[in-house]
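Subject: Structure handover

Hello,

Here is the structure I promised to pass on. Please open it and keep it beside this email while you read.

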Amino acid sequence: MSTPTIYKMAVCIFPDVTTLDYQGPVELLCSLSANTKKMFPDLPNFPFIETEYLSHSMEPVRPGAGPDVLPTKTYNEAMSGAQFDIIMIPGGPTASYKLVDPSLIDFLKKQGPNAKHILTICTGSWILAGTGLLNGKRATTNKSYYNRVVEDTKDMNIQWVPKARWVVNDDKQIWTSSGVTAGQDLGGAFLEFLAGKELADIFRNMLELSRKDEEDDEFAAVYGLA
């Protein structure tokens, strides 16, 4: 059996982060693992994803709901280490580039340009906007925060998409999703991009995850955006 491609993924966490923003997509994407291949050896070959949880310090992170989360590295440590292939940025009620610890922004500015893929969930795109990496790009965000995010970033040349469950740019580097549970739909689309539709469907079915496509966004109408 050939040696699988291994993607190194950083999950960026911070105080008041919304746990479901990242935990849903992580649960899905980390189906691509050596453990899964061991349990289901008859599955076609697929790449593996190995994950680090990064924070501004090694202290437990108190999310908006649920138990504290233990980071595995700080942003400063990660900046001086190997390049990550995938960077995931969840959101939360304080997930603005003006409010998060500056070391997160510094990490994204250093590692983001050379990452193969950047995934944001909910207001994680608001954090990413502060790095300049969304300039000239299409993106979306949590629809209850949409107008606030657009107003705050109006001078940044970002093409915010009001009706989208998730958005991917043509070069497939930056993927952004709408609020919270939309991260699982983005995760499913990204999984299909990495490993193919057959495997993505297998893993979605294992999680009993219904599929929503890119423009399947009922909440844009709820908030008067479409």
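**The sheet**

An open sheet of 7 strands runs through this predicted model in the order β3-β2-β1-β4-β5-β9-β8, and its pairing is mixed. Two strands sit at the edges: β3 (73-74) and β8 (166-168). Each of these edge strands pairs on one side only.

Strand β2 covers residues 48-55 and runs parallel to β3. How many bridges join β2 to β3? There are 2. L54 has K73 in β3 as its bridge partner. S55 is bridged to T74 in β3.

Now step to the next strand in the order. To find the pairing on screen, look for Y7, which stands opposite I49 in β2.

**A link from helix to sheet**

The count of aromatic pairs comes to 10. One of them is formed by Y22 and Y53. Two values describe any such pair: the distance of the ring centres and the angle of the planes. For Y22 and Y53 the centres are 6.0 Å apart and the planes are at 65°. That makes the pair edge-to-face, because the angle is over 60 degrees. Y22 belongs to helix α1 and Y53 to strand β2, so the pair ties together parts that are 31 residues apart in sequence.

**Helix α1 against helix α7**

Helix α1 holds residues 19-29, and helix α7 holds residues 182-195. Their axes lie 8 Å apart, at an angle of about 30°. Angles under 35 degrees count as roughly parallel, so α1 and α7 are roughly parallel to each other. Their crossing is right-handed.

Which residues meet? From α1 come L20, G24, P25, L28 and L29. From α7 come G183, Q184, G187, G188, F190 and L191. The residues of this α1 and α7 contact divide into 6 nonpolar, 5 polar and no charged.

**Helix α7 against helix α8**

Helix α7 also packs with helix α8, residues 197-207. The axes of α7 and α8 come within 7 Å and cross at roughly 140°.

The contact of α7 with α8 divides into 6 nonpolar, 1 polar and 3 charged residues.

Best wishes

How values were computed
Residues are numbered from 1 along each chain as its sequence is written. This is a predicted model: local features need pLDDT of at least 70, side-chain atom pairs count only at pLDDT 80 or more; totals for chains, interfaces and linings use all residues. Side-chain values use heavy atoms; hydrogens and water are left out. Two strands pair if DSSP finds at least two bridges between them. Helices (H or I, at least four residues) and strands (E, at least two) are DSSP runs, numbered from the N terminus. Axes are lines fitted to C-alpha atoms, for helices over the stretch in contact, and angles run from 0 to 180 degrees between N-to-C directions. Angles under 35 degrees count as roughly parallel, over 145 as roughly antiparallel, 65 to 115 as roughly perpendicular and the rest as oblique. A crossing is left-handed if the near helix is turned anticlockwise from the far one by less than a right angle, and right-handed if clockwise. Contact means heavy atoms within 4.5 Å. Ala, Val, Leu, Ile, Met, Phe, Trp, Tyr, Cys and Pro count as nonpolar, Asp, Glu, Lys and Arg as charged, and the others, Gly among them, as polar. Rings of Phe, Tyr and Trp (its six-membered ring) pair if their centres lie within 6.5 Å; planes under 30 degrees apart count as stacked, over 60 as edge-to-face and the rest as tilted.
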